[in-house]
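I opened my notebook today to look up the pockets of this model. Here is what I looked at, entry by entry.

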Amino acid sequence: MSGIVDGSRSAERDKLLALVADVAEVLRCSADAGEDARLLTAAPMRALRDSGLFRALAPREVGGFQVDPLTEMELIEAVSAVDGSTGWLFWALAGSTARAASMVPEEVVDTVFTPGGFPLIAFQERTFGNRVLPTRAGLRVSGRWPFGTGAGYADWVLAIGRCASPVYCPWPETPQLAAVVPAAQFEVVDCWDGAGLAATGTVDYRVTDVLVPWSQVWPYPVGTPVRGGAHFCFRRAAVKHLGFALGVAGGALEAFTAHTGQRYGTGRRPVPDGLMSQVARSHLAVEAARALGVEAVGQAWQEARDCGAVAEASYRRLRAVARYATEVAFEACAVVARFGDASLLARQHPLQRALRDIVAGSAHAEMSSVALDDFGRELLAGKAVGE
């Protein structure tokens, strides 16, 4: 597969965005059913898998497109504009699969990423108190990992736990280990019934007394990615949240503008006071947040390519930008509550779903308001990026 245009942007960008457009109607038409079922239904999941979109973020060595972070943001934005739950599930599964692929040991990569196929891997990076026990034959794993978005669709999961003993461990100094576990050896625990992001298939996954061969185990977190290079030398969670927030807001504003244009554009109904200026402000605010996001992601990507890493201060700024964009998106979606008419109150209406989804998305720990606190603290201390 081809790689990068001008050293920064992926050659596959236009092709992948066109694939999103190709499957958009299937995703849109399935949104109600997905929310009712509390998971993405068969048709949209098949469309995403068959299109190859889940390959977008993965290293080229395992059959992925390894897109640059700006293209990553744009793809997530495009899917999230169609439906928030689908966008969230897309970035969670595509991102988890890609990050796992960057770490899987070389001796087992062909077992996980079988030639001619492309697996999906669910990934909860925190240990949640789970402990794993090294033995002579391999790593004995038992535990339950919450918030394993997409585990119900996954071919593998990562089980990350504290190492219970250095005895028999090939890395006696490491405090944590990761193990890749196939679908037949983990159990999905259905425990998510959220007010928003209802169709994300967010579940816990449980592994019960499974002996994982040492070839499928490695120290976690990794220092240097096994494959993927600069793409995986820094956290990209903020990039994903940026794409999600901008997509949900953009989709909601497009739907709201179309609705209000039809309702008031004929001149037969009086336009509510403040509606036009609010629509303008909302569109401009989202456009401004997107421009800021593009700048912040681009800056982090340049730093990753130049230095092989992204400084903590740079990532804190990127995370603050993502939180800011999330707040802008929330305000844009809330315009429905302030100016929407009764026809927009139905639970099934895309605008109501967008409002629920952005509220739920803003509660994610990565997008906590602490992100702005941390950046503001640096500004006050005179240590912000660029000073």
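Which helix gives the most to the lining of the second largest pocket? I found that helix 7 does, with seven residues.

A note on the source before going on: this is a predicted model, where local features need pLDDT of at least 70, side-chain atom pairs count only at pLDDT 80 or more, and totals for chains, interfaces and linings use all residues. Residues are numbered from 1 along each chain as its sequence is written, and side-chain values use heavy atoms, with hydrogens and water left out.

Second largest pocket. A pocket here is an open set of points on a 1 Å grid over the protein atoms alone, where a 1.4 Å probe fits, with protein on both sides within 12 Å along at least five of seven lines; lining residues have an atom within 4 Å of a point. Its lining has 21 residues, and Arg28, Ala81, Val82, Gly251 and Ala252 are the closest to the centre. Two or more residues each come from helix 4 (69–82), helix 7 and helix 10 (350–362); helices are DSSP runs of H or I with at least four residues, strands runs of E with at least two, numbered from the N terminus.

Largest pocket. I noted about 1,200 Å³ of space here. Of its 39 lining residues, Trp91, Glu125, Arg235, Ala237 and His364 lie nearest the centre. Helix 5 (84–101), strand 3 (121–123) and helix 7 (237–264) each give two or more residues to this lining, and helix 5 has the largest share, with seven.

Terms used. Grid points are joined across faces, edges and corners, and a volume is the space filled by probe spheres set on the points.
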